[in-house]
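Colleague: I have opened the model on my side. Could we go through a few of its features together?

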Amino acid sequence: MKHLSLAALAAMGALASPALADADLRIFISSQHQPDVWRQVLDRFEQATPGVSVEIETGGNTSEAQAQYLNTLMSAQDPSLDVMILDVVRPAQFAAAGWTLPIEDVDMAQYLPAYAEANTVNGKVVALPAFADAMFLYYRTDLLEKHGVAVPTTWDELREAAKTILAAEGDDSLQGLSFQGKPIEGTVCTFLLPYWSLGENLVEDGALTLDEPAAIASMQLWKSFAEDGTSKPNISEVATDDTRKEFQAGDAVFAVNWSYAWAQAQSDESAVKGNVGVARLPAMEGGQQASCLGGWEWGVSAYSEHPAEATALVKYLSSPDVAEFMAVNGALLPAFPQVYEDAEVLAAAPWFADAKQVVETARARPVTPRYAEVSEVIRTTLNAVLAGVSTPEEGVAAIQSRLARVLR
Amino acid sequence: MADSPIFGLLSGRPLRLIVAAILLINGLFPALWILLTSLKTDAELTRTPITWLPHAPTLSNYATAFSDQPLHLFLFNSFMVALLSTVLTLFVSVLAAYAIARLNLRYRGVILSAIVAVSTFPLVTLLVPLFETMRALSLLNTWAALILPYAVLSLPVCTLILVSFFETIPRDLENAAMIDGCTRIGALFRIVVPLAAPGVFTAGILAFVNAWDEFLLALSFNSSPQLRTLPVGIQMYQGEFTFPWPVISAALIVGIVPVAILIVIFQERVVAGLTTGGVKG
Amino acid sequence: MTAPHNPRFAWLTDPGDRGLAIMLLAPLALLVTLIVVYPVLRLFYTSLFDHSLTSGLPPRFVGLQNFGLMLDDPTFWTTLKNTLLITLVTVPGALIMGLAMALMANMPFKYHWPVRLSLLIPWALPLAFAGLIFAWFFHSEYGVVNDILRRFGFQPVIWFNSPGWSMTAICLTVIWKTSSFMALILLAGLQTIPRSLYEAADVDGAGKLRQFWEITLPLLRPAIAVALIFRTITALQTFDIPYTMTAGGPGGSTATLAMYIHQNTVSFLDLGYGSALAVVMFLLSMLVTVLYLRMIRARG
């Protein structure tokens, strides 16, 4: 805690150069992002800036629910919130709608490049990173070791590895790979992972650049996992936390998941404690390994009645010191590359050493104001393919025609 | 046909018990299942094949339900919002129903149709315009933001029930009261409303449950944690990725029990009220 | 007693019929105007604009263009079809279930309250609760429905993996949730039928089944009509249950029109198009109401 105080206070002094007026700020933090730990950070801010108080509002515990709430609030131009936390896919939309204020005088080069990109729209900084996240390949170190299988780097290797282990274990409740197929945000990443690994982009400069063969290959890959027994047949109803539970219960050799699953898989309640490994997600044959970028950002509401104070708060919250504090006390991945090498961070979360490379090479989902529609189209289509409602070819044709309308 | 074996049995005690069992299972099994779930640990929940009775029953989920979120506040808010909107809707619909039932209104048909039409408008479509209205009135994050729309939600059905109740009350009683020096409005509240008490009561229960159920507006208008109602509060146990079923089940049970108690106390009057009232619509 | 002497305020204490009617109806009119009429007018107005908050452009008047877009929008047709399907299945379903439950509950039980409680609990359970509870019921691995199927030797079903089974699960849930209110209204109706009619029929030697067709059903008609109006309109607005159970999946095959409206306004922020969809739903609901009112009036 001590490192938070001195350096941060010094930084605050610099940030707060246009003298801050007295203000009661209200900050929106989703309830899953440890508001109690953020509270400690906010207490520090309040101490450093006499006259400014910050109240936390929690809510909207899923990314979708939270977006719906903020959308309603912002479209009514409600001034009750000054600062809000946003899923990494949303700043572009909020900026286009004019709901966040641009933030000036920030060196975006200090952040991991993907976050600099996700928070910059038309050359303007529209939000600042709160913390990073990415999708990882979780695997069972004990099972891989026991059967002499290497950590796969391609999806085909993963399929073979799963086959070998499942055959040798002969355990009916064990599955090879758990991933998300329910029509939720995570399923967008499911689709993009193999697609990206083939070197393709979905959106460039706001225009659709769908490569149909790569998209079909991606859908076929996931469908084949459900069909050949690598994954469960009910994969179209699996959401993110189902994957976490299955892996934690010892029912999956491999799992695709965000960083939050690590702490739980290594907890005392976990059946696989001490046998958990994380690695970069595999690639398609001949492709490049790619991960999906997650994380959350701080935006300043355009309807805030205290924009200067709110901006100062956001700059403070998005500083290396706070990132370090949140890494140590909240196990949140930092958006600053150097914090991953911090001794105190590594002592608290040694696995961050492995995580850095994954986060660094993770790719951002399309940055577009109409992301909500892009997401909806992709996840319902992949879900339909996994449920056998449509074929991969039909699915990709549907994505092409629907996204062409959205991104016209 | 006259006394086919099946229908003959309908009067028998064994069949009555079977029928009662069917009704009870249909109505109560889901709640019972949630009760059982609330007593299980997270680990037991994801065991296959699933267990019916909890192996090691625990009340810890209830403790978590109250400590994770201000569940007592959710209950209080739900109760107060439902109660106050019921009072408002009853007051407004008693007045309107009296006018429709007693006065020879020229546009009676039009007014009745308009009231039915109000009930047809999908709430989901009103979300954004209503939000703007509430903001303009500075009512966001107050009970009133929910009380007003909930009162309107139940106005049509309450008014219709009360109209048919008032029509069963002889005018002579009112006239007698007015001869004794009561004004018409005085007669309404002193004579007509007490006589129509079962109908008022039934309408009140309907309004209360309608308000108790509502989710979408509560989610959007009252975002502050201190003002959340139960259906919204229940969602707060769910994390971005996590879905703690045993804790959610415990919270659900806490939400179901008070209403179940109310129902056991008042069930006779709900059905009796509907008997005289609503069905004649 | 002073007021009546002042002619200006006389109408306050002893108004004529017209003045009284206005006074009595004013609170209702005020509330309805604020909460329904004004927002509805806003909605109709917005439906004529290209008003998307994500475009960053001001609203632009486009006439009926949003309604034209709808004709070419496959999602609109799918959600409309799903909504009508849910309505056509769950309204008769809830009526039959509700009638059966009402007839059963009307039997001479020694203790009434357990039966009444079992009728009233599903009704008093918030829709959002019901959706959550039944999503858990139908879970392919941990759900009690598949457990029961397994115990009886049937193949478990992966409910939310296929459009047909998902729709089945949703319809069953909606019927369960709504049949209890149906049963309540019908039970109330049953209790207004004088017992003497049945006694007379017994004397005439009419069987129970004939009594049902010739006494119960005709006398129950007004109750059925009221129940059907409310049920049909709420069925057209189905939102909470599919929203919490399937979120419209798999592949959008269980998304309803209400969900699509909500999605367009709240997630996509396409207020113009969302409003146009809402107008369509409004007209649909009005149409149903008018048809029912006609039917009731025609039958006297």
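Colleague: Is A:Asp205 buried or exposed?
Modeller: A:Asp205 counts as exposed, because it has 7 C-beta neighbours inside 10 Å. A residue is called buried if 20 or more other C-beta atoms lie within 10 Å of its own, exposed if 12 or fewer, and partly exposed in between, with C-beta atoms placed from the backbone.

Colleague: Where does A:Asp205 lie?
Modeller: A:Asp205 is in the loop between strand E9 (203–204) and strand E10 (207–208) of chain A. Helices (H or I, at least four residues) and strands (E, at least two) are DSSP runs, numbered from the N terminus.

Colleague: And what is the phi of A:Asp205?
Modeller: The phi of A:Asp205 is positive, about 50°, although the residue is not a glycine. Most residues other than glycine have a negative phi.

Colleague: What about the phi of A:Asn122?
Modeller: A:Asn122 is a residue other than glycine with a positive phi, near 50°. Its place is the loop between strand E4 (120–121) and strand E5 (124–125) of chain A. A:Asn122 is exposed, with 9 other C-beta atoms within 10 Å.

Colleague: Before we go on, what sort of model is this, and how is it numbered?
Modeller: This is a predicted model, in which local features need pLDDT of at least 70 and side-chain atom pairs count only at pLDDT 80 or more, while totals for chains, interfaces and linings use all residues. Residues are numbered from 1 along each chain as its sequence is written, and chains are lettered from A and ligands numbered from 1 in the order in which they are written.

Colleague: How is chain A divided into domains?
Modeller: Chain A has domain 1 (2–134 + 293–363) and domain 2 (136–291 + 367–406). Such domain bounds come from an automatic or database domain assignment. The C-alpha centres of these two domains of chain A lie 29 Å apart.

Colleague: How many residues are in the contact between them?
Modeller: Domain 1 of chain A gives 21 residues and domain 2 of chain A gives 16 residues. Two residues are in contact if their C-beta atoms, placed from the backbone, lie within 7 Å. On the domain 1 side, H15(A) (352–360) has the largest share, with four residues. That side has 11 nonpolar, five polar and five charged residues. Ala, Val, Leu, Ile, Met, Phe, Trp, Tyr, Cys and Pro count as nonpolar, Asp, Glu, Lys and Arg as charged, and the others, Gly among them, as polar.

Colleague: Turning to chain C, how many residues does its contact with chain A take?
Modeller: The contact takes 26 residues from chain A and 20 residues from chain C. Helix H3 (63–75), helix H4 (91–96) and helix H16 (371–386) of chain A each supply at least two residues of the chain A side. H16(A) gives the most, with six residues. By class, the chain A side divides into 10 nonpolar, 12 polar and four charged residues.

Colleague: How many helices and strands are in chain B?
Modeller: Chain B has 14 helices and zero strands. Its C-alpha atoms fill a box of roughly 75 × 65 × 35 Å along the principal axes. Of the 281 residues in chain B, 49% are buried.

Colleague: Which domains are assigned in chain B?
Modeller: The assignment gives domain 1 (5–38) and domain 2 (66–280) of chain B. Their centres, taken over C-alpha atoms, are separated by 31 Å. The contact takes five residues from domain 1 of chain B and seven residues from domain 2 of chain B.
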